[in-house]
Structures are given as C-alpha cells and as structure tokens.
Amino acid sequence: MNGKNLRIINTLILILTLILGVTGIYGLVWPFPTIIFDLHRIAGWAFILLIPWKTIIAIRSLRRGMDKRFDRNVMIIVSVISAIAVLVALILAIAWKWNLGDYYVWIAGYGYSGIGWHWGITLYVLPLLVLHIWRRWHRPRKTDFLGRRQALQLIGLGIASLVGWRVAEALSGERQSPGSPRRFTGSREAGSFSGLAYPVTTGPGQGQIRLDPSTWKLKIGGAVEHPFTLNYDEALALSTSKMIATLDCTGGWYTTQIWQGIRLIDLLKEAGVREERIVIALRDVSGYTAHITPAEIADVLLAMKVGGQILDHQHGYPMRAVVPSRRGWHWVKWLMEIEISNPSNSLIF
C-alpha cells in the first residue's frame with residue numbers, strides 16, 4: 001500500500017470516527033430524529049468495510065517493532081489497546097443488533113447489555129483515539145482525493161455502506177423477538193402499559209436514600225418571582241395531568257406508559273419566571289442533576305403515578321420527571337428540586 005492510499009484510508013476513518021462520535025453522543029441524549037441513528041449505523045458499516053485496509057496499515061507499522069523512541073513505543077501500546085476496544089465495541093453492537101447471545105454481557109465481573117457496553121467502551125476509548133490521531137496523523141494532500149479512480153472508490157464505499165446497513169436492518173427485523181420489538185434507537189420494548197412492571201436502571205450511588213412522604217418537599221426556586229415548595233399531599237392533589245410517553249433507556253430497553261402528575265409549565269407559571277431565556281435544572285435527593293431547555297418545558301411532566309399506580313422507590317418515589325424529548329438519564333427520579341437559572345451560568349446537555 002503506497003503513501004497515497006494510506007492517507008486516504010486514514011482520512012476516511014477519521015471522518016467516519018467523527019461522524020460516529022457526534023451521532024453516537026447525540027443519540028445518548030436525544031431520541032429524535034430517526035435519521036441521526038440511521039446515519040450512525042451507515043457510518044458504522046463504512047467503518048467496518050475499511051477495517052481490512054486499516055489492518056494492513058497497522059501490520060506494516062507493527063512489523064517495524066519497538067525501538068529506542070519512547071514516544072513510538074507508547075503509541076504502539078495505545079494503538080493496540082484502541083484497536084482491540086473498537087473491535088470489541090463493534091462486535092457487541094452487531095451482536096445486539098442481530099439478537100445474538102444473552103441480553104447481559106459479562107466483562108470483568110460486570111454485567112450490562114451489549115449496547116450499553118458498546119457506548120460505554122467507545123466513550124472510554126475516545127481519549128486514546130484522540131491521542132493516536134494526534135501523534136500518528138498523516139496529513140492528506142489535495143491530490144489524494146482527486147481523480148476518477150478516487151471518486152469511484154468513494155462512491156463504491158458509500159453504496160456498500162448503504163447495502164450493509166439495509167441488510168443489517170432486514171436481518172435485525174427477522175431476528176427480533178416478537179414480544180420485544182425494537183425501536184429505531186435500537187432499544188427493545190419492555191413492560192409497556194404495565195404500570196410498575198417496567199424495568200429499572202439506576203446509576204452508581206443513586207437510589208440509596210429512601211424518601212419519607214411526611215418530610216419530602218419539592219422546591220421550585222432560582223430565577224423566579226415567587227419561589228415555593230410543595231409537600232407530598234399538595235403535590236399528589238395537583239397530579240391530575242396524564243401523558244402517554246416513551247422512556248428510552250440507553251441501557252437498551254424502552255417502555256411506553258401512561259404517566260400522571262403535574263405539568264412543569266404549570267409550576268413555572270405559578271413561580272413566575274423572571275427571564276425569557278432560562279435553563280431548568282431537575283435535581284434528585286442525591287444531587288444528580290439534568291438540564292432541560294425552554295423548548296422542552298411544555299412536554300415535561302412531574303409524575304407521581306404510572307399506569308394508575310403510585311411510584312415505588314425503585315421507580316423514583318415520590319416523584320420523577322417525564323421528559324419525552326430526552327433519553328432515560330434525563331428522567332430524574334427521587335425529584336427534590338427544580339432550579340431555574342440563566343443559561344450563561346449553566347451547562348445544557
């Protein structure tokens with residue numbers, strides 16, 4: 001493989017890595033639009049198609065072996081670790097997509113869904129990939145991508161990626177469980193319209209504090225004219241609004257339920273928001289916080305019931321947020337505080 005082809009392959013892999021990174025991180029936060037998830041999968045198949053050529057490049061580099069240069073030796077180790085992690089993440093994604101193996105995959109004593117491991121591994125390996133690109137980058141030339149042959153190669157890669165994506169989607173449809181259909185995000189349906197029977201995913205350190213309804217209060221404050229608090233009985237009496245919404249967890253499952261509670265917009269109207277441009281922080285008893293934007297306020301429900309049942313502790317008793325425009329980790333459980341602030345002082349994510 002000549003230097004021109006090497007630069008082309010590495011440049012394409014860099015572009016695909018950026019697309020996969022941006023669409024992947026986006027998909028961890030927002031469940032819409034569908035095209036973002038399709039683009040992620042198409043880029044993934046293009047990446048897979050380039051692996052044989054990248055393998056040739058890697059073998060050529062490894063054959064030169066270690067030498068007296070510390071930087072080169074370190075980068076060889078970094079590159080090998082990165083390559084193994086990326087291959088494992090790809091295998092886990094394909095296995096999840098095609099319903100191969102068990103739901104939970106055990107690695108180093110930890111069990112998690114295949115798709116959960118996929119995004120977890122890729123997030124952790126990103127710094128290594130950035131370091132690899134920084135230290136091993138071969139700057140492309142304008143002439144590398146000019147010419148009829150290069151154009152045909154790029155068109156061929158694009159067509160092959162689209163074919164791979166469509167075949168993978170068709171096979172996924174054939175292999176999915178009839179009782180657990182997939183959503184476009186890749187998540188599998190679990191316990192829809194079953195009240196408290198839907199799954200539970202809890203982050204590290206969360207859910208350890210059990211809240212007492214006799215002392216629990218919901219605080220609404222920050223940049224508002226009339227900050228106030230609600231006790232349990234007051235909040236329950238106001239919980240008359242219902243909403244059908246889908247909770248899509250990044251752990252690989254989704255559930256559609258009838259939620260009942262208080263509309264966030266009603267509480268903000270009562271509090272009197274001071275500014276037009278605001279950020280709303282939803283905070284739980286342990287301090288875990290998720291931020292939402294003004295555009296999402298009208299669709300947010302502060303639920304105390306699901307399927308007509310009072311929430312239990314594992315599902316966020318006494319109150320959890322229902323945020324249809326976000327993935328599950330914005331649906332804050334064990335809600336204690338709603339804080340309104342100026343966006344210049346807040347991180348929106």
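In which sense do strands S4 and S5 pair, and over how many bridges? The close-ups below take that up, along with a helix pair. This is a predicted model, where local features need pLDDT of at least 70, side-chain atom pairs count only at pLDDT 80 or more, and totals for chains, interfaces and linings use all residues. Residues are numbered from 1 along each chain as its sequence is written, and side-chain values use heavy atoms, leaving out hydrogens and water.

View 1. S4 (residues 217-222) and S5 (residues 228-231) pair antiparallel over four bridges (pairing takes at least two DSSP bridges; strands are DSSP runs of E, at least two residues, and helices runs of H or I, at least four, numbered from the N terminus). Five residues make the hairpin link between S4 and S5. Look for Ile-220 bridged to Phe-228, and Lys-219 to Thr-229.

**View 2. The open sheet.** Five strands line up as S5-S4-S13-S8-S9, with mixed pairing. S5 and S9 (289-292) sit at the edges with a single partner strand each, so one side of each has no neighbour in the sheet.

**View 3. Helix H2 against helix H3.** H2 (residues 34-63) and H3 (residues 70-97) pack at about 150°, axes 12 Å apart (axes are lines fitted to C-alpha atoms, for helices over the stretch in contact; angles run from 0 to 180 degrees between N-to-C directions).
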